[in-house]
Amino acid sequence: MRLRLRLAWLLVALLPGCSRPRLDPFPSAQESGGWIKGRVRTFEAAELWRYIDGDAERYLQAGIERTFSAEYRYQERLEAVADVHCMRTAAAARRIFEWEPSTGSRPAPVGEAARSYGTSLTFRRGRYFVRLVAYADSPEAGPALLELAKGIDARLARARP
Amino acid sequence: MHKATLTRRHWAGSCLAALADAACSQGRDRSAGASQELTLTGTARVVIARDPGLRAGGSVDGTRLVNLLDRALQAFFAVDKPSEAWRRIVRPGEVVGLKVNCLAGKGASTHPALVEAVCERLQQAGIRARDILIWDRLSEDLESAGFRIATGRDRIRVMGNELIGYEDELSSWGSAGSLLAKALTRISDAVINLPVLKDHGIVGITLALKNLFGAVHNPNKYHPNAGDPYVADVYMLPPIRQKVRLAICDAITAQYEGGPSYMPQWSWPFNGLLVARDPVALDYTGWQIIEQERARRGLKPLKDVGREPKWIATAARHGIGTNDPRRIERLEV
């Protein structure tokens with residue numbers, strides 16, 4: 001009995017994905033075209049409202065486990081926030097991605113599906129839904145965000161499923 | 001809703017000013033300002049002040065922002081100097097709380113430059129720096145929006161509710177039952193409400209009334225049924241009704257979809273401020289602005305997407321203010 005319990009515990013501990021607190025989806029400057037990582041925060045599903053208030057409801061309804069958020073700076077000219085929402089399933093990540101209007105966006109070459117709105121970019125990979133937002137309306141924001149997105153995507157691809 | 005002419009503005013403003021001054025000289029509580037306006041002039045004034053040149057090279061021009069704030073306040077009170085306007089809101093010796101909205105970080109939060117301008121004008125009206133408290137739900141929200149936490153008692157304080165604390169006793173009104181922030185109940189004699197003009201994914205919009213969700217410990221409990229009647233009921237909690245004297249809505253960047261988080265793709269440069277004592281009239285006016293922008297962008301009205309802010313009408317029925325466009329005096333300056 002004790003051995004079975006130990007084995008069960010070991011299996012749970014080895015389960016992959018974002019239930020493991022050691023998942024770090026945020027790339028370094030070398031992996032992201034020069035974006036410097038700042039403050040990193042993690043919000044469990046039940047505490048997500050502290051971060052995004054009422055916006056948390058639709059993530060909860062879709063099925064979210066937790067959200068990782070990081071602040072970034074790019075060459076002292078751009079600031080951005082990267083949110084990695086770890087959903088329970090890939091279908092949930094797809095649902096959140098599709099929920100958002102695509103008006104004014106164009107496809108971006110990152111993840112399994114991505115939209116660039118210029119100063120923001122969303123993409124999904126597996127059960128991860130990612131949003132990047134830059135706080136400056138600058139022509140370089142779009143290309144720079146794409147580099148950051150690719151850095152995050154590479155990390156998520158290694159962390160799958 | 002109608003636009004008043006300059007002549008009417010000055011006439012109504014002069015009447016209001018005279019009556020308000022008379023009331024104050026008799027020692028009456030200034031917190032009754034909004035209802036006095038409704039009673040005495042029959043309308044609630046909402047000033048919409050805009051400056052197309054507010055942004056220089058992408059960032060907000062601080063000097064122009066101060067001028068815009070002055071223009072808005074002077075129009076609201078129909079006075080010639082900003083100091084005259086501020087003296088109608090606060091008195092030296094009072095502690096003034098500035099309830100900002102910083103949930104969304106830098107993109108869609110109350111601009112620190114606007115708060116700085118308000119602090120400057122408050123001090124010119126005789127409020128000591130140490131009697132000004134800039135507060136919101138969490139210190140990390142304030143920091144995300146660009147404020148620096150300051151707790152020293154010899155200067156303007158900037159603090160989140162987690163540092164100041166909540167009352168131990170529950171306050172309740174209708175559907176609302178919450179612990180109120182001590183920033184509101186214990187520290188502030190008067191509160192100036194500084195919300196942001198933006199969409200909200202559940203309750204439709206979040207402006208003056210909903211910004212006071214930041215004064216309770218459990219705002220996450222108040223989102224069912226698109227916030228109705230919760231948004232109105234929370235505002236009915238006595239310390240909120242008694243202490244909030246003015247709303248200055250930051251509409252420098254406004255958002256018509258995807259809120260309350262910052263979504264640059266659904267934001268637009270409104271380059272303005274909305275000023276009112278009546279939070280219902282302000283929210284009604286802001287709602288119409290957001291609906292106009294949604295229509296311009298080809299989006300459905302909030303009612304058609306299940307997010308009509310019915311709590312505005314509920315707040316009017318509670319007597320907080322008016323949502324009747326015929327009784328809202330909309331001044332664009």
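## Architecture of the predicted complex

In chain A, 58% of the contacts between residues at least 6 apart in sequence join residues at least 24 apart, a contact meaning that two C-beta atoms, placed from the backbone, lie within 7 Å. The corresponding share in chain B is 71%. The complex is a predicted model, in which local features need pLDDT of at least 70 and side-chain atom pairs count only at pLDDT 80 or more, while totals for chains, interfaces and linings use all residues. Residues are numbered from 1 along each chain as its sequence is written, and chains are lettered from A and ligands numbered from 1 in the order in which they are written.

The table sets out the two chains. Helices (H or I, at least four residues) and strands (E, at least two) are DSSP runs numbered from the N terminus. A residue is buried if 20 or more other C-beta atoms lie within 10 Å of its own, exposed if 12 or fewer, and partly exposed in between, with C-beta atoms placed from the backbone.

| Chain | Secondary structure | Buried residues |
|---|---|---|
| Chain A | 5 helices, 7 strands | 42% of 161 residues |
| Chain B | 12 helices, 15 strands | 55% of 333 residues |

Along its sequence, chain A follows the pattern α-β-α-α-β-β-α-β-β-β-β-α. Its 7 strands form an open antiparallel sheet in the order β1-β2-β3-β7-β6-β5-β4, where pairing requires at least two DSSP bridges between two strands. β1(A) pairs with β2 (residues 64-74) of chain A in the antiparallel sense over 8 bridges, and A:W35 stands opposite A:Y74 in β2(A).

In chain B, strand β6 (residues 132-136) pairs with β7(B) in the parallel sense over 4 bridges. The path from β6(B) to β7(B) runs through helix α6 (residues 139-144) of chain B as a right-handed β-α-β crossover; right-handed denotes a clockwise path from the first strand over the helix to the second, with the strands pointing away from the viewer. B:L133 lies opposite B:R157 in β7(B). Strand β7 (residues 157-160) of chain B is covered on both faces, with B:R157 and B:M159 buried on one side and B:V158 and B:G160 buried on the other.

Helix α12 (residues 311-318) of chain B has the buried residues B:W311, B:I312, B:T314, B:A315 and B:A316. Their cover includes α9 (230-235) and α11 (279-296) of chain B. After α12(B) comes B:G319, with a positive phi near 90°.

The largest nonpolar core has 146 residues, of which A:A82 and B:L274 touch the most other members. Such a core is a set of buried Ala, Val, Leu, Ile, Met, Phe, Trp, Tyr and Cys residues joined through C-beta atoms within 7 Å. Beyond four places in sequence, the residues touched by B:L274 include B:V46, B:I48, B:L197 and B:C249.

Between the chains, the contact takes 19 residues from chain A and 19 residues from chain B. The chain B side comprises 8 nonpolar, 9 polar and 2 charged residues, with Ala, Val, Leu, Ile, Met, Phe, Trp, Tyr, Cys and Pro counted as nonpolar, Asp, Glu, Lys and Arg as charged, and the others, Gly among them, as polar.

The predictor assigns the complex an ipTM of 0.78 and a pTM of 0.85. Chain B averages a pLDDT of 89, and 88% of its residues score at least 70; pLDDT is the predictor's confidence in each residue, from 0 to 100. Over residues 1-39 of chain B, pLDDT stays under 50. Where pLDDT is low, the predicted coordinates should not be read in detail.
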